[in-house]
Amino acid sequence: MEGKETVFVVSDSVGETADLVVRAVATQFNGGFVEVKRNAFVADFADIDDVLVMANDVPSIIAYTIVIPSLKEYLDKRAEEEGLVTVDLLSPLMTAFSKTFNKSPKNKPKLMRQLDDSYFKKIEAIEFAVKYDDGRDPRGLLRAEIVLIGVSRTSKTPLSMYLAHKGFKVANVPLVPEVAPPEELYKIPRSRCVGLIISPDKLNSIRKERLKNLGLTSEANYASFERILEELEYAEKIMKRIGCPVINVSNKAIEETADSILKILKR
């Protein structure tokens, strides 16, 4: 054989795991001496035959992460016939899992990629919720999957973050009589907007506690019944104008309200 020493990374998925392991090992041997060639999304015997042809032309090792039994067996058999060295990077650990935890593997490719996609979707949603919290940038309303509206202390921010952890892009807008809602609020489909209401007594209690935590007197206008009734009446008018569904959060936990929101969206 002639040519540079090569490790052929073969996978029925992306091949990132095998690639990282091979490069980590190569660094222990002055890594630059070996070439790593990744062969991802191997789906049939013909794909494996192509790798074997290339591997026969250079000093090589085939390192693989294949979970489809028929492909793995074919690669092992054909490589042995060709006198090629193969290293199965998954089977030893999968066997240990099966024996120790008494569970069977799914033997399905791309599961890690699905997990990664879900993770990055969640991170993107969390960043979105932070960026468009409390009506900071009205442009986010047009991009949001869920828009929450309501007066102060109706759990808009905690709900936004909870739903973001489930992968939903959420924006929220506080409704204050002295501040007109952004025009974008009237441009989104009403099915994507949810109004949050609360009983005056509950809101009064929450706001008094909030003022106490801030070291302020509970007699401030923020917690007065007159002010609360004014805000709730104003919020109700905005919600009726939009025509959005409304949820009373008075005695609901965040998780319970979030479930109600998701049920509304499914309709």
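User: Before we start, what counts as buried, exposed or partly exposed here?
Analyst: Buried means under 20% relative accessible area, exposed means over 50%, and partly exposed is in between. Keep in mind that this is a predicted model.

User: Good. Where is Gly 32, and is Gly 32 buried or exposed?
Analyst: Gly 32 sits in the loop between H1 and E2. Its relative accessibility is 61%, so Gly 32 counts as exposed.

User: How far is Gly 32 from Gly 167?
Analyst: Their C-alpha atoms are separated by 41 Å. Along the chain, Gly 32 and Gly 167 are 135 residues apart.

User: Switching to Leu 141. Which loop holds Leu 141?
Analyst: Leu 141 lies in the loop between helix H5 (111-131) and strand E5 (146-150).

User: Buried or exposed?
Analyst: Leu 141 is at 3% relative accessibility, so it counts as buried.

User: What is Leu 141 in contact with?
Analyst: Setting aside neighbours within four places in sequence, Leu 141 is in contact with Val 147, Ala 171, Val 173, Pro 182, Glu 184, Leu 185, Ile 188 and Arg 192.

User: And what separates Leu 141 from Asp 44?
Analyst: Their C-alpha atoms are 46 Å apart. In sequence, the two are 97 residues apart.

User: Now charges. How many salt bridges does the structure hold?
Analyst: The structure holds 15 salt bridges. Side chains of opposite charge can pair when their charged atoms come close.

User: Take Arg 38. Which residue does Arg 38 meet in a salt bridge?
Analyst: Asp 19, with an N to O distance of 3.4 Å. The pair links distant parts of the chain, 19 residues apart. Arg 38 is in strand E2 (residues 35-39), and Asp 19 is in helix H1 (residues 16-26).

User: What about accessibility for Arg 38 and Asp 19?
Analyst: Arg 38 is at 40% relative accessibility, so it counts as partly exposed. Asp 19 is at 7%, so it counts as buried.

User: What does Glu 178 pair with?
Analyst: Arg 227 forms a salt bridge with Glu 178, and the closest N and O atoms are 2.8 Å apart.

User: Where does Glu 230 come in?
Analyst: The side chains of Glu 230 and Arg 227 meet in a salt bridge, 3.6 Å from N to O. The two are three residues apart in helix H8, so about one helical turn separates them. Glu 230 is partly exposed at 39% relative accessibility.

User: Which residues are linked in a network of salt bridges?
Analyst: Asp 49, Lys 77, Arg 78, Glu 81 and Glu 82 are linked in one.

User: On to helix packing. How do H7 and H8 cross?
Analyst: The axes of H7 (residues 200-213) and H8 come within 10 Å and cross at roughly 120 degrees. That makes H7 oblique to H8. The crossing is right-handed.

User: Which residues make the contact?
Analyst: From H7, they are Pro 200, Asp 201, Leu 203, Asn 204 and Arg 207. From H8, they are Phe 225, Ile 228, Leu 229, Glu 231 and Leu 232. By class, the contact of H7 with H8 has six nonpolar, one polar and three charged residues.

User: And at what angle do H6 and H9 cross?
Analyst: Roughly 65 degrees, with the axes of H6 (residues 156-164) and H9 (residues 254-266) coming within 10 Å. That makes H6 roughly perpendicular to H9. Their crossing is right-handed.

User: Who makes that contact?
Analyst: H6 brings Pro 158, Leu 159, Tyr 162 and Leu 163. H9 brings Ile 254, Glu 255, Thr 257, Ala 258, Ile 261 and Leu 262. The residues divide into eight nonpolar, one polar and one charged.

User: Last topic, backbone. What is the phi of Arg 153?
Analyst: About 75 degrees, a positive value although Arg 153 is not a glycine. Most residues other than glycine have a negative phi. Arg 153 is in the loop between E5 and H6, and at 35% relative accessibility it counts as partly exposed.

User: And Ser 155, what is its phi?
Analyst: Ser 155 has a positive phi of about 70 degrees, and it is not a glycine. Ser 155 lies in the loop between E5 and H6. It is partly exposed, with a relative accessible area of 30%.

Note on methods
Residues numbered from 1 in each chain as written. Predicted model: local features only at pLDDT ≥ 70, side-chain atom pairs only at ≥ 80, totals over all residues. Heavy atoms only, no water. Axes fitted to C-alpha atoms, helices over the stretch in contact; angles between N-to-C directions. Helix = DSSP H or I, 4+ residues; strand = E, 2+ residues; numbered from the N terminus. Parallel < 35°, antiparallel > 145°, perpendicular 65-115°, else oblique. Left-handed = near helix turned anticlockwise from the far one by under 90°. Contact = heavy atoms within 4.5 Å. Nonpolar A, V, L, I, M, F, W, Y, C, P; charged D, E, K, R; others polar. Salt bridge = Lys/Arg side-chain N within 4 Å of Asp/Glu carboxyl O. Buried < 20%, exposed > 50% of the residue type's maximum accessible area, 1.4 Å probe, protein only.
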